[in-house]
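Let's take a look at how this fold is put together. Have the model open while you read.

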Amino acid sequence: MEVSNTEALNDLIEGHTLEAVYLYTPMCGTCQVASKMIDVVEKLPQSFHFVKANLNYLPQFAEEQSIESVPCLLLFKDGVERERIYAFQSVPFLYESLNKITDR
């Protein structure tokens, strides 16, 4: 799912017990690789709801969350950020990160 405004994104974060927010920009080469990794992880058995957001359209959210760079994956549980990932090391690394949040 793709969102393009801060209000909709915040509603999704609050509306799902487990929310994974993938932030990117279209001209970022690293983001293109990370996006493919996210697509794979999203298809694996896991409990997170995934949302993708072009950070160019979300300056307010970027400021509120103090986003340092893209790509960025924010993992929320019950509306609270539990983990922030900037280095998308591998699909197994991302999958394990999701499972750690689910098990807490």
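Why is strand β3 (residues 49-54) largely enclosed by the rest of the structure? Because 5 of its 6 residues are buried, meaning under 20% relative accessible area (1.4 Å probe, protein chains only). Strands here are DSSP runs of E, at least two residues, and helices are runs of H or I, at least four residues, numbered from the N terminus.

A word on ground rules: this is a predicted model, where local features need pLDDT of at least 70 and side-chain atom pairs count only at pLDDT 80 or more, while totals for chains, interfaces and linings use all residues. Residues are numbered from 1 along each chain as its sequence is written, and side-chain values use heavy atoms, with hydrogens and water left out.

| Strand paired with β3 | Sense | Bridges |
|---|---|---|
| β1 (residues 2-3) | parallel | 2 bridges |
| β2 (residues 18-24) | parallel | 6 bridges |

Val3 has Ala53 of β3 as its bridge partner, and Tyr22 sits opposite Lys52 in β3.

Tyr22 also turns up in the largest nonpolar core, a set of 19 residues. Such a core joins buried Ala, Val, Leu, Ile, Met, Phe, Trp, Tyr and Cys residues through side-chain atoms within 4.5 Å. Tyr22, Phe48, Leu73, Leu75, Phe88 and Leu94 touch the most other members. Helix α2 gives the most to this core, with 5 residues. A second, separate core has 16 residues, including Val3, Leu23, Val51 and Phe61.

How values were computed:
Buried < 20%, exposed > 50% of the residue type's maximum accessible area, 1.4 Å probe, protein only. Pairing = 2+ DSSP bridges.
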